[in-house]
Amino acid sequence: MAFDIHEILEKKGIIVPEHHQDMLKAQMAGFEELRQTVNQEQLKDFDMALTHIPGGEQK
């Protein structure tokens with residue numbers, strides 16, 4: 001699945017600050033890499049999502 005995350009977000013009206021764009025690209029690349037390591041047949045009934053929390057997770 002090759003797509004540009006920025007195009008998808010732009011279509012949804014979400015503006016990503018320029019200083020976050022490289023980080024978002026890296027996260028999506030990692031997410032896509034993880035998708036390649038799992039058995040897609042087992043995941044067909046599950047949804048996967050990537051969340052972005054500016055500044056990192058605050059616990």
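Modeller: Start with His20. His20 is buried, at a relative accessible area of 16%. Keep in mind that this is a predicted model.

Colleague: Why does 16% make His20 buried?

Modeller: Because buried means under 20% relative accessible area, and His20 has 16%.

Colleague: Where does His20 sit?

Modeller: In helix α2, which covers residues 18-36.

Colleague: And which residues does His20 contact, leaving aside neighbours within four places in sequence?

Modeller: His52 and Pro54.

Colleague: Switching to Val16. Is Val16 buried or exposed?

Modeller: Buried. Val16 has 17% relative accessibility, so it falls under the 20% cut-off.

Colleague: Where is Val16 found?

Modeller: In the loop between α1, residues 5-11, and α2.

Colleague: What does Val16 touch, not counting residues up to four places away in sequence?

Modeller: His6, Leu9, Gln21 and Leu24.

Colleague: Take His6. How far apart are Val16 and His6 in space?

Modeller: 7.6 Å, C-alpha to C-alpha. In sequence, 10 residues separate Val16 and His6.

Colleague: Now the whole protein. How many helices and strands are there?

Modeller: Three helices and zero strands. From the N terminus, the order reads α-α-α.

Colleague: What share of the residues counts as buried?

Modeller: 17% of the 59 residues.

Notes
Residues numbered from 1 in each chain as written. Predicted model: local features only at pLDDT ≥ 70, side-chain atom pairs only at ≥ 80, totals over all residues. Heavy atoms only, no water. Helix = DSSP H or I, 4+ residues; strand = E, 2+ residues; numbered from the N terminus. Buried < 20%, exposed > 50% of the residue type's maximum accessible area, 1.4 Å probe, protein only. Contact = heavy atoms within 4.5 Å.
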